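These notes are meant to be read beside the sequence and the model. They take up a helix pair, then a sheet and its covering helices, and finally some individual residues.

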Amino acid sequence: MTINKRIYLSPPHMSGREQYYINEAFETNWIAPLGPHVDAFEQEIADYSGVKGAAALSSGTAALHIALQLLEVGKGDRVFCSTLTFVASANPICYVNAEPVFIDSEPETWNMSPTALQRALEEADRNGKLPKAVIVVHLYGQSAKMNEILSLCNQYEVPVIEDAAESLGSTYNGQPSGSLGQFGIYSFNGNKIITTSGGGMLISNDEEALRKARFLATQARDPAPHYQHSVMGYNYRLSNLLAGVGRAQLEVLNERVESRRAIFDRYQASLGGIERLHFMPELEGTRSNRWLTTLTVDEVENGAKLSDLLEALANQNIEARPVWKPLHMQPLFADSLFYPHNEEVCISEQLFQTGLCLPSGSSMSVSEQQRVIMCIEEALMTTSPSAR
């Protein structure tokens, strides 16, 4: 029995230049946690993002944690957060003993609903309980409605942290994703559009805050000839070796974005004519990196369900997943406040029930993608010949 080669959702894609930077680190003996590659990677990310500075950290989660610390979020505070996202967007809120409040999605971007956010802010203001920060996630590479969100947050003087873990290389009205809020974070996890194996970055125009971020992320060691610590710190800095990998990856970021957008276009060209399938929109004025191609599947009587498509793909050794389970539905956050898009509809729950993430790695060949497309077409036609 022949087993098809596995097609992964979003595997790492090396450029071939990574070894050059790693060898340089070995040759100069910069194997310690910090070094020239870290400094250069921070500057190169800052330049790419159009901000004044960046701090290279061990993960995007660490970057969110440090951002909350810089905003002095603590016990008794509230932080508003997108609900349709990975749990890492909200866990740092718990790290600082604050309370997460989840905000629903809206249909045009699948991201934070300005309508729900406005209602949440108005109620919080009436109760004297405004959040210390808002974490807005740019899901699957698509930017949220930042003009509306920033306008609302500025009205109430609430700082915005952009969780751009999935959207490096995307733009909003010509501005790089992650650069519009007080802080932005990127992730370089193995499945992201560029990777350092594990790693992240905190970006900002507040250079003093970034200096403090580096201090906190290096065990908060005071300037003294001996080891002295006045505040609690963390072991959160990115290593010089991994920063070298990141520098090589950043060199090909624009190529990776073009590859993923081409993959999305091929999916849409082949499957867009199927009435039951609806691809994630791209908001006017934005340009998504299309980190993952995502779509929703309308359920019809006697038609293939989302679970049927996932099973069919798995049987063909193709990795696919539902979209994120909303955080307000997670057992971990069962007692948290949640604001739906409106009284009639919860967009994030609808997306979770019908949303599908397709293999989108920038190294995926056209023939591999055709395997995915044919599998979906066959699953839909087998279950319901009138599905098209």
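1. Pro114, Leu117, Gln118 and Leu121 of helix α5 are in contact with Glu148, Ile149, Leu152 and Cys153 of helix α6, contact being heavy atoms within 4.5 Å. Helices here are DSSP runs of H or I with at least four residues, strands are runs of E with at least two, and both are numbered from the N terminus. The contact residues of α5 and α6 comprise six nonpolar, one polar and one charged, where Ala, Val, Leu, Ile, Met, Phe, Trp, Tyr, Cys and Pro count as nonpolar, Asp, Glu, Lys and Arg as charged, and the others, Gly among them, as polar.

2. This is a predicted model, in which local features need pLDDT of at least 70 and side-chain atom pairs count only at pLDDT 80 or more, while totals for chains, interfaces and linings use all residues. Residues are numbered from 1 along each chain as its sequence is written, and side-chain values use heavy atoms, with hydrogens and water left out.

3. The axes of α5 (residues 114-126) and α6 (residues 146-155) come within 10 Å and cross at roughly 5°; axes are lines fitted to C-alpha atoms, for helices over the stretch in contact, with angles from 0 to 180 degrees between N-to-C directions. The two helices, α5 and α6, are therefore roughly parallel, a label for angles under 35 degrees.

4. An open sheet of four strands has the order β10-β12-β15-β13, with antiparallel pairing; two strands pair if DSSP finds at least two bridges between them. Because β10 (277-279) and β13 (321-322) are the edge strands, each with a single partner, one side of each has no neighbour in the sheet. Between β10 and β12 (residues 293-297), which run antiparallel, there are three bridges, and Phe279 stands opposite Leu295 in β12.

5. Two helices lie across this sheet: α9 (residues 253-271) lies across β10, β12 and β15 (355-358), at about 155° to β10, whereas α10 (residues 306-315) lies across β12, β13 and β15, at about 20° to β15.

6. Arg290, although not a glycine, has a positive phi of about 50°; Arg290 sits in the loop between β11 (286-287) and β12 and is buried, with a relative accessible area of 5%, buried meaning under 20% (1.4 Å probe, protein chains only). Asn317, likewise a residue other than glycine, has a positive phi near 60°, and its place is in the loop between α10 and β13.

Terms used
Parallel < 35°, antiparallel > 145°, perpendicular 65-115°, else oblique. Buried < 20%, exposed > 50% of the residue type's maximum accessible area, 1.4 Å probe, protein only.
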